[in-house]
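Dear colleague,

Please find the structure below, together with its sequence.

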Amino acid sequence: MIHDAFASSKTELFVGRQRCFNYLDEHVKGGSPPLVVFGEPGIGKSALLANWGKCYLSLNPGNKLIIHFIDISSCTKSLDVMLLRIMRELKHGFNLPLNIPANRNDLNTAFVNSLSMAAAKGKVVIILDSIDQLEERELTQTFSWLPFEMPANIRLILSVSPGAMFDAIAKRNWPLLEVKPFETGEQSQFIHKYLQYTHSKTFNEDHIETITNATQTSNPLYLHMLMDELCIVNNATSAVEHRLKEYLSAQTVEDLILRVIERCENDTELNTAAPELFRKVMSLLSTSGTGLLENELKELLQEQTHRQTNIQLQTLLSNMKHILIQHSSLFIFKHRGFQNAVIRRYLSTEAEKIKYHLYLANYFEKNRLGLRSIKELPWHLSQARSWNALFRLLSDLSFFNALHETSNYDAMYYWSQIEENSQMRISYAYCAIMESPGNYLDRIKNLSFFLKEKNLLTEALKMFEYLVFYYGQNNDYDNLPIALGMLADILYERGGMEESMQLHRDEEQIYRSTGNNYGLMQSLSHQAIILFADNDWENALQLYKKEEKLCRELKDDYRLLYNLNKQAKIAFLRQETDLSMELLMEAESISRNLGDMSGLSVCLGNKARISKTSGNLDEAITLLKEQENICRTLGNNKELSACLGNQSLILISRGDFDGALALLKEEENLCKKLHNEHALSYNLGNRANIFSIRGNLAEALELYKKQSALFRKTLNKHGLSYNLGNQANIHYTLGNSDEAMSLYTEQERLCRELGNEDGLSYALGNQANIFADRGDLDKALELHKEEERICRKLSNIEGLQRSLGNQASILYSKGNLHDAFTLHKEEERLCKKLGNKKELSACLGNQALVIKDLGNPEEAIVLLKEQETICRALGLKSGLAISLANQAEILAQNTKQTNEALPLAEEAYTITTSFGFHSLSQEIEPILHTIRSLLSK
């Protein structure tokens, strides 16, 4: 393992740093955030962490320690490589039920979740050395994979040099440990240990004193390199002193490294070949991806020089042990400073770098299916920006298969690079295969999965159809059910629910016949998802029950907790809230025991939905806030957007529109980033609802129209049915009753087609309002009664409150004041239970009118004042105008209070004209004229 070899090279010579050891010991014992170890390059951060890690493991053999040296080679600088390595170490170390995600988008979330699950099993120390050396393309993603809050049993240590990355991390206010230069005593201690280790007798005390007095030798890397160089000199004192004086004239590590390279290049005793050999070896190593084997160097040099260089190369490599380290026979640089110096001296232009990358690419091309070539060849082509050559390489199905099996992440990355930097596309590369997949049946498995991962569903569909045929013909019952399941998933995503269901049933039968219960669980779950989407809750539940039984038999708690969540969702929809909550409580307990934050997030969101429906808004908000924190920690933007949307709905019902809009704005940005049109459509609707409530009807209508377009694009008839009603509501408010009735009628038709009784109740109630306006009160009451029946059946408290209020208003119009008052009181109770201040304000206003007609104007004014207070707080312009107008009309009936009535009526009229409430303005204008007439007499 390259990281073990690198760590070992750092533990050969190490002195001092006890203060740092103590600080690291205290850090891993406590519960503080990640520790940031920082210091100048070469100051000894890697050596400190390697030596402390070795000591820690010797004292804590039961704990898990993972140390990742990012700056070893070009390939170890990849964020994907680092995260995947840590996840696999955790998975194997703790036997975690982790699913390594197939695509990059889910990797960050899975990584953070793996930390949480590992923490539930034991103590883990993770050291990420040289975090600032992650590839440039990864820098913008720094905070997407690094959680703000680490699980209690995870201790994270980062090392970084001063610069932009350090400045960014420092903003998190994590504890800092500075690695400082050697003190005088430590310099001397290191020199004596070095001499003892190397058995060198070159130095005397005067030499040592000269070295320790030089300020630049307080840098451990400088001192180590200096000692390496001086020990190469023959034992003559004069030679040592000459070399010592020459090297100490270098004031920085970078200058010293350049002098060392220059010395090696021209030293004929150590470099037995011409300087050209040294230059070529160093240039090849500096441009390699993971280092080079000695045999590879020999062959590369022979191609360039056309002569045998074996002996010279062996001599050179044996003399480069202070510059190079060897792991698994691969040679790499001991420190990035050497690589940087080589590039600076020999490869200073982009053209020179590209030349060497292409040279290495041509070398590895000769054995393109070898393990080394699979790793190195595409990397060199991408570094040389040779997109045409990389396209041709990946178009070779044999090479693509080898690359995909080695790392599907590399295949995804290189194709993304091609498509970002050229006009070439995946579909061009494999068009011949996709046109005639039957000619490649034994070799298209990896490509089929890759096309599915890239969401090229049309192409993937054809490939999996042929694979199903091929595996079926060959009675390959290991691969056939997998291909059936993938084909079924593609068909489902394309809307083919029946075909998908049949394929999953075929898949199920194979898994049953082969006794593959893990595959069977997955098949049952996918079938249940299809049935649930088709509103066949009963049969979906039966399949989930079968899956649950298998989960418990196999003791697969990881799959069980997600199964229980799905069953709880069905129970909730069937209004079995107690059962739903019971299932969620067990799922939550499992997720906490496993440390599965993703599973816990799902549980909390589902529990919040139950609490909200039951009217426990405080509890719902508390659950959603906990879910939000988990989503932010995981970097799970998809669930975070849904969580923010759910919180906004509660804030809307409470009248906190500014707070809701802030959440909805963040949700909108996440939806666009994720290209989640489904969630975005609901976000548009929720924002439109707020604008509608506030009286910004034109802006609300525009958002509803955008939402309607998305619903039609995504074939979301259920969402469209509500959207039609909302558009109709605005037209109704604006006085366009014919347009409103047309939309309500279309909504009713769509709801009856879908069996959507909830949406149907809205359509019926709103149509009833229009009939009431038109004077057909009996027809209006008939529709409201059907609406009430549906709402009581569905336990729809919001709909019931609305229906009762409208019926009360009709009874009031018909002169049945006592029955109207009774319904309004029940409506008031429901509004308060729901915490719906908007509807409560309207209810209070309507009660006031009934009480006024019953002969109690003083009590009516009290209710109208309460209504006014709520409307001002919520920004309800139309409701405020109505309240003010009604107060003015009642006060004007008392000659002593006419003066009080005028400003109320004037404000009401100003509101209606300013916000375009034309119908309401026409109703208030006569009241204003009447009051002015009374005052003019």
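In which loop is S130 found? The residue sits in the loop between β3 (124–129) and α6 (142–145). Helices (H or I, at least four residues) and strands (E, at least two) are DSSP runs, numbered from the N terminus. S130 has a positive phi of about 65°, although it is not a glycine. With a relative accessible area of 7%, S130 is buried; buried means under 20% relative accessible area, exposed over 50%, and partly exposed in between (1.4 Å probe, protein chains only).

Please note that this is a predicted model, in which local features need pLDDT of at least 70 and side-chain atom pairs count only at pLDDT 80 or more, while totals for chains, interfaces and linings use all residues. Residues are numbered from 1 along each chain as its sequence is written, and side-chain values use heavy atoms, with hydrogens and water left out.

Overall architecture

The protein chain has 48 helices and 8 strands. Its C-alpha trace spans about 120 × 75 × 50 Å along the principal axes. Of the 937 residues of the chain, 55% count as buried.

N455 lies in the loop between α24 (445–453) and α25 (457–473). Its phi is near 65°, a positive value in a residue other than glycine. At 52% relative accessibility, N455 counts as exposed.

Helix α4 (residues 79–94) has 16 residues, which should span 22 Å at 1.5 Å a residue; its end C-alpha atoms are 23 Å apart, which agrees. The expected span of a helix is 1.5 Å times one less than its number of residues. At the start of α4, a side-chain oxygen of S78 reaches to within 3.3 Å of the backbone nitrogen of D80. Just after the helix, N95 takes a positive phi of about 55°. The buried residues in α4 include L79, D80, M82, R85 and F94.

H68 is placed in strand β2 (residues 64–69) and is buried, with a relative accessible area of 0%.

Helix α5 (residues 107–119) has 13 residues and reaches 18 Å from its first C-alpha to its last, close to the 18 Å expected at 1.5 Å a residue. Because 13 of the 13 residues of α5 are buried, the helix is largely enclosed by the rest of the structure.

Aromatic pairs

The structure holds 16 aromatic pairs. Rings of Phe, Tyr and Trp (its six-membered ring) pair if their centres lie within 6.5 Å; planes under 30 degrees apart count as stacked, over 60 as edge-to-face and the rest as tilted. The rings of Y722 and Y762 have their centres 6.1 Å apart and their planes at 80°, so this pair is edge-to-face. Y722 lies in helix α38 (residues 717–733) and Y762 in helix α40 (residues 757–773), so the pair ties together parts that are 40 residues apart in sequence. Y722 is partly exposed, with a relative accessible area of 24%, and Y762 is partly exposed at 22%. Elsewhere, ring pairs link F391, F400, W415, Y430 and F450 into a cluster.

Residue E739

E739 lies in helix α39 (residues 737–754) and is partly exposed, with a relative accessible area of 39%. E739 and N729 are 10 residues apart in sequence and 9.9 Å apart in space, C-alpha to C-alpha.

Cavities

A search of the whole structure finds 6 cavities of 30 Å³ or more. On a 1 Å grid over the protein atoms alone, a cavity is a set of points where a 1.4 Å probe fits but cannot get out; lining residues have an atom within 4 Å of a point. Grid points are joined across faces, edges and corners, and a volume is the space filled by probe spheres set on the points. The second largest cavity has a volume of about 100 Å³. It is lined by 15 residues, of which I72, S73, I332, F333 and Q339 lie nearest its centre. The elements that give two or more residues to this lining are β8 (330–333) and α16 (336–346).

With kind regards

Conventions
Polar contact = N/O pair within 3.5 Å; in protein donor to acceptor, adjacent residues only side chain to side chain. 1 Å grid on protein atoms, 1.4 Å probe; cavity = no way out; pocket = protein on both sides within 12 Å on 5 of 7 lines; lining within 4 Å.
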